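Welcome, and thanks for taking a look with me.

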Amino acid sequence: MTISLDSVDVLVWGGGTGGASAAIQAARGGATTLLLTPGAWLGGMVSAAGVCCPDGNELTPWQTGLWGAFLRELETREPEGLDHNWVSCFGYRPLTAETILQNWLQQEEKVVWWSCCQLLSVEREGCLITALKVDVGGEIRRVRCRVVIDGSDRGDLLPLANVPFRLGWEPQEQWTEPSAPSQERLDADPFFRIQPVQSPTWVVMGQLRGDQPADHPLQNDPRVPVQLPPPFHGACDTFGLEKTITYGRLPSGLVMLNWPLHGNDWHRGLERAFLTDSSQEAELFREMQQHSLCFAHELRKATDGWLQLGEAFPSDAASPAPWLAAMPYWREGRRVVGRATVIEQNLLPLAEGRRLPGPPVNDRCVLESIAVGNYANDHHYPGDDWPLAPKSCRWGGRWTGTPFCIPFGALLSNETENLLMADKGFSASHMANGATRLQPLIMNIGQAAGAAAALAVETGRQPSELSLRSLQDRLIGDAMAPSAVAPLWDTPWHHSQWLERQTAVLEQNSLAAARPETLDKGRSGHGMVSPDGEGGYTVQLEDDEPRQLITLEPAVNAGLETLDKPTKVMIQGTDNPWGGWFRCSSMQ
């Protein structure tokens, strides 16, 4: 079909993972959609920024929506599988991710994508955004719209549209967040002005050159003490050289270098990322790239050439070099002042030993959630780790973050009626951003924004006027990527009663425990599983050495929790030699 490009139903300013998701979902919902991206790739964190070891939403109850569909598509497209590193349960190549997202976009007749755009201005009439003006290859284009979505990492539309936003730290006095600094400390310590947002990273890709040679020192002691020169002194102290490298190992021996401990996080001059002077931004980008390349160079020397620069970004990504990501990994940017705000308390368990925080409900006890996340709060700054209230628990033989919900009001501006936020710029506090910024959750927040935009067009309403239940029903009942709005620990995405159980929560009906259901995945055999008494487990398969056992499946976790002694079982799953674990998909 032909779409008039002087006016569209939904206009998405993208560049972030959430922007791509929003455009795909809006088009699937029947709205004519225009996606604009500043770069040549559209996937943001999951592809263009090279952050290909996703964090959070790893358990099968949270593998829903576009994130779950994306993950299962990755499994079919990476012939070596996804078990390659120890920071995540998944690892893939940037091009694989970008290909999936572009294919999804190309399958939709109602969406058009303009890449390599420069955002020039935003037009408003009262409380509505009515048009965007962009430079596309030197041609100035003005596009009118009914609904606009900001799907950028840094909230690019907000200052141009004069939409109220937050940037930087909030004092503890504002929301009584347990981990926030006091107003007195914010005023007195220059650190908070120098470090207004979490430190970004410019990912550089390495390539492992086969197995380590037999005489390499890493063969004798994987944690061989190695001291890199400043500014990387201490980078290998905690985990050793080999694990510093295999932290982000990907298929084909690619290595994502995104190392937080005295590695290639960038801490200096971050205010330049939020100025209108693009020349200062360009200078910041050059500094970040050079810093990451220096880190890769020092690791190459320390490994005697076992690690080389890796070619992961083809010319169509418009990256500075084949081993440099096409854009920075922004952990934080501008955050809209929304109709609801996610704060640290919304992420935390209600009491010691409990796995769930209080869900976002209104005065009538109606669940207001449109997405579920679970990442453990994690902040990146120079120096010591920022002390954070704990929000993790032992589950499935490993530590995982407790789940939390994102209310629809956090995607809505408190004063601009037709604006939706689809990436990190939704309404959250600086402290909460450490848990809400990760790829899987942002992908599903983008899906919710796109679904809301299409529903607004369909019903002739503004997004702020939508029936919340209609949006939730559209998300959980989506034909291609049903997305959870209720955090049900015992109900994996593949459960035969998944939709009925999500619906029951929305209707405030009581739920019995879900009956156990698993998927057959991986190699199978007999093994001896032993609990360690502290929530961890080891497994010894026939003729193999004992190793850590983990699972992402609720039914397997339930079985593990009944063990009080070594027990012989029939087990199925996947090895991860770099993580040192066996990921169990079923156990009998």
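1. In this predicted model, the largest cavity has 16 residues in its lining. If you want to find its centre, look for Thr 60, Lys 521, Glu 553, Arg 583 and Ser 585, which lie nearest to it.

2. How much space lies in the largest cavity? The volume comes to about 170 Å³. Counting cavities of 30 Å³ or more, the structure holds 1.

3. Three elements each supply at least two residues of the largest cavity's lining: the helix α2 (65-77) and the strands β20 (567-576) and β21 (581-587). By residue type, the lining of the largest cavity splits into 6 nonpolar, 5 polar and 5 charged.

4. Now please turn to the second largest pocket, which contains about 1000 Å³ of space. Its lining is made up of 37 residues, and those closest to the pocket's centre are Trp 13, Pro 38, Arg 154, Asp 156 and Glu 281.

5. Which elements give two or more residues to the lining of the second largest pocket? They are the strand β4 (117-125) and the helices α4 (157-160) and α10 (278-302). Of the elements, β4 contributes the most, giving 4 residues.

6. In the second largest pocket, 23 lining residues are nonpolar, 9 are polar and 5 are charged. Among the residues closest to the centre of this pocket are Arg 154 and Asp 156, so both count as charged under the grouping used here.

Definitions and conventions
Residues numbered from 1 in each chain as written. Predicted model: local features only at pLDDT ≥ 70, side-chain atom pairs only at ≥ 80, totals over all residues. Heavy atoms only, no water. 1 Å grid on protein atoms, 1.4 Å probe; cavity = no way out; pocket = protein on both sides within 12 Å on 5 of 7 lines; lining within 4 Å. Points joined across faces, edges and corners; volume = space filled by probe spheres on them.
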